[in-house]
Amino acid sequence: MRLPKFDYRRPERIQEACAILLDQPCAKLMAGGTDLLVNMKHRAETPSTIVSLKALPDLDFVQKTNSALRIGALTPLKKVYNDPFVAAKLPALAIAASSVGSYHHQTMGTIGGNLCQQTRCKYFNQSKWWRSSRPLCFKAGGELCHVAKREGVCYSTYCGDVAPALLAFGAEVILTGAHGLRQVPLEEIFSGDGKTPLKIGRGEILTEIVIPNQAADGFSTYGKSANRGSIDFPIVGAAVWRSSSTGESRIALTAVDRKPVRARRLEDFLEGKQLNEETFQAVDGLVAKESRLMPSSIDSLSYKRKLMGLLVQSALSEARGGE
Amino acid sequence: MGEVRRHKRHSEGALHIGASTPRADAYAKVTGAEKFAADYYSSDMVWAGVKRGAAPHGVIKGIFTDEACKAPGVIAVLTHRDIRGSNRQGVVRKDQPVLADKKVRHCGDAVALVLAEDRETLLRALDLIRLDLEALPGVFDVEEALKDGAPLVHEDNAGGNTLLEAHIQTGDGLTAFERCDEVIEGRFETPWQEHAYLETEVGWAQQQNDGKVVIVASTQTPFRDRAEVAEAIGLDLEQVRVIAPYTGGAFGGKDGITVQTLLALAALHSNGRPVKMWWEREESFIAGTKRHPTRLYYRLGAKGDGVLHALAARLYFDTGPYDHLGGVVMTLALEHAGGAYRIPHALLDAWCVYTNNPIGGAFRAFGVTQVTAAMEQMMDMLAARLDMDPLELRLKNALTRGEKTCVGVTLTGSTGLVECLERVERHPLRTERYAWKAAAGPFKRRGVGIAALMHAAGYGTVVPDYANAKIELTPEGKIRIYCGVVDMGQGNASANAQIAGSILNQNMDSMELVLPDTDRTLPSGSASASRCTYTFGNALIGAAEILKNRILQKAADLLMAPSTDDLTLAPGKVVNRATGAQIPLSRLGRLMAESERTAISHFRAPVAKDRLDVTDELRLHGLGHAVISYGAHLAAVEVDEITGAVEVVSYLSATDCGRALNPQIYEQQIHGGICQGLGFALFEDFRVEQGTVKSPDLATYIIPTAPDTPNMESLPVELHEPTGPFGLKGVGEIATNGPAPAVANALADACGIRMFRLPMTPERVLLALRGRETR
């Protein structure tokens, strides 16, 4: 499979990259390329211009400050999970980053790129030829969503491994635009719309991830269910963080909806409660309410639904072991 | 083209039978120097590609190519109207059009062939071709296809949608069940399996000035390809030359035509320019052949003491719209349907059925994988019913030399099933299984399962299974082996070097290999059927012995020795032990005429001599084999009760392989077969709905990766096979048959659930654990 033709830009300053994005609405950013290039080979995405971020300086770092751990968006996943602080204090992030794809994805793929990856669907992530046997789907530029069998909607699924870990940590991200930067909770950059899954302003680039110190003060883990021990996207992924001082819990899931989702109802339920068999009883029901599962992958909904509860329960029982 | 493979980085010593000599192809492959069919390029090359019907069944009303023809950069657009020959290909029955003419019969049918200057132009041109197809109702289920009124895939087939059916009765057939104390029944379903080789179907072709078309293709069958190509597109046999480099994987998926005919046709319309065709992964998945899906009904009866008494089986094979090798696959499955057991009474019925699904074809172990998955689960179900140990039950019924299989074939060769079972029985994975199972962690269950295997090699009783080996002492003093049997990764090219090297007492650096080429090597059958080293190796022994005598005679003449008695071949030279005089092979090579320093030898494999009461057609399709390998496998699995995931923790195999010429290559073959069998057992779910492939890539069709494979131990049980080269039997396929039943039996041992449908995915396991019907 070959790439379509495109213009290639390699700006050396962020403002220059932002300017290209503003100037060319059909341009796409590329960091490691492990997501974008595959979609381009399938002709599922056909940007006129690729804006490579490779030449941007100073975005490849993991830095501990007084208030937070800051990670540059261009930091390769492998560097993230090999960082001693991440490995020791933020295990959910280390596990999630090291479970992405294969070793090659982890060395090429960046943390920023992983967060901003496209949503996936068994009707969208296919070759042009395969897709040509039915009308173009809404995400690919047509009208109909083959998953929902309705027009004007898209139920492709967000499958990133890293986002749930960072959501559980209450991480924020820095978006840099032509005229400055802003810091927003990570959760806010996901639109919940499968067609345009990211809610990042035109001309803005995600440049940094900020994980508050509080995240390091507690238990965390990431559970991933996948078809194989390597390569695969999650069937379901679940991150759990539990504060060791306040007993607060944060739970986030991936591959269950059009965006990574926080399981807030379950978090509220767990507030002030002991982790025991009784509280675990409620997990299945509460987690199931947090997502809108749709048959967008090869895995059945009933199995996914079951795994959601199981992964969260398993993570919570691990958390209990540490208390 | 026509290069000779030479070898570097080998030790100095002469080659030996039984030594783990590094593979002759290893260095060139690892360094990227080896030239595969996919690596052929040239500056004036034309790209060829296929427009496929993309509908499971329909009448072709029109093929509109004008727009594509006019597109800049397009050299030609061809349809069935441009074919002068029969436009039909196939190994046994020629029922597959090169380019569809009246109908399309599955989604991958080729309808038009485009030649373009580059790949981008090619893709655009393929998009510009418009097809007018009148949709026909399709048939997608084997048993539905056999009913009256089912849509016909080939209207002119006398048997309706039946390609081939077979019925074998031995002993008293069904009435024997009346005398059984226990009767077990099971209905099994096995899915398609995709070969998923690294190198998808690919080739390169060019018409020379003299009109001859030269094809370099990734194929297992260069000589058969030559005949098929010539007939299909209307060329004389001498006008086609097929060259077959090492393949980047084949596993049966290249046992027959893939790109060859299309390439030759393209080469006739490219004005003498070379043409390349390379299927993408998706095209390979949709248009390539697969392991036949089957539905298998089994009934097994035994006496109260566990002695098997009667077997009834009905086997349905879905061959898709074309024979390809469907009838032959079904026949080999039929021969193995009762396993390597003493079963005096049997009634076996089998149907190979046309449908509008993807094409069924050869896949490593050729139908035996499917029936073994069923029969070996039946054995465990019977053992459970009788409260017997599954291994004891197998030992009790295992065939030994001189006995007959349930279809009536007498085992005349080495027959080592009992020895294989005994090796497994003594192994710690078996003797310490209770302790290991008891040590399972929370929410985990452990189980150990076994399977007994047999796998026959070669073509069967009618089709001649022969090889012609040619060997040469070159003027440079090297030993050059001309082998017409493809090395698709199994390592037979290395084995050939080892065989000739050991007879001629030469080291690997002296060996040169000429890979299959219809102009340079001699016809020696296909690279398939666990026959490559067995059949060609026997021929090569003959040729190497002739050459050895010629070399020694010439050396005796030149050294003025009274006879060859005192002469010995040593690496690079001949030595007179009596006088110490020497003569280098390079000198001998220069002084010998070509006819003196070249030797050929022919070998034809033995066949089963039993007069079986079956139709001539079934015999033609291969029933009755003489050379059979045996094996016993053990899988130790851990089941996650929460997710249903099955992890194979350890895997043991003992294989009656005859003499292992190269233990390392033996082990590679067994490991490869086990991994492919584990994929079939646990992961690989090729999904097709109404003829449309729903798993067209490696993201939706899950094959195991290295972390998904267990620790494997592969014990050779080296019983001497009297007819084999140095006592060898083939082991290219047998290991593939073990994992599905061994893992299924281990799962039953762990959790008490029986999986009747493959693959055993976590979800299906979980459903079964919850006591739900999995069918």
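Let's begin in chain A, where Lys149(A) sits in the loop between β6 (144–145) and β7 (150–151). Strands here are DSSP runs of E with at least two residues, helices are runs of H or I with at least four, and both are numbered from the N terminus. Before I go on: this is a predicted model, where local features need pLDDT of at least 70 and side-chain atom pairs count only at pLDDT 80 or more, while totals for chains, interfaces and linings use all residues. Residues are numbered from 1 along each chain as its sequence is written, chains are lettered from A and ligands numbered from 1 in the order in which they are written, and side-chain values use heavy atoms, leaving out hydrogens and water.

Okay, back to that lysine. Lys149(A) is not a glycine, yet its phi is positive, about 55°. Most residues other than glycine have a negative phi. Lys149(A) is also exposed, at 64% relative accessibility; exposed means over 50% relative accessible area, buried means under 20%, and partly exposed is in between, with a 1.4 Å probe and protein chains only.

Met560(B), not a glycine either, has a positive phi of about 55°. You'll find Met560(B) in the loop between α15 (532–558) and β24 (567–570) of chain B, and it is exposed, with a relative accessible area of 73%.

Pro759(B) belongs to the loop between α19 (739–751) and α20 (762–769) of chain B.

Now, sheets. In chain A, three strands make an open sheet with parallel pairing, in the order β1-β3-β2. Two strands pair if DSSP finds at least two bridges between them. β1 (7–9) and β2 (27–30) of chain A are at the edges with a single partner strand each, so one side of each has no neighbour in the sheet. Between β1(A) and β3 (residues 49–52) of chain A there are three bridges, and Asp7(A) has Thr49(A) as its bridge partner in β3(A).

Over in chain B, which strand does β20(B) join through 14 bridges? That's β28 (residues 627–640) of chain B, and the two run antiparallel. Arg446(B), for one, has Glu638(B) as its bridge partner in β28(B). And 12 of the 14 residues of β20 (residues 444–457) of chain B are buried, so this strand is largely enclosed by the rest of the structure.
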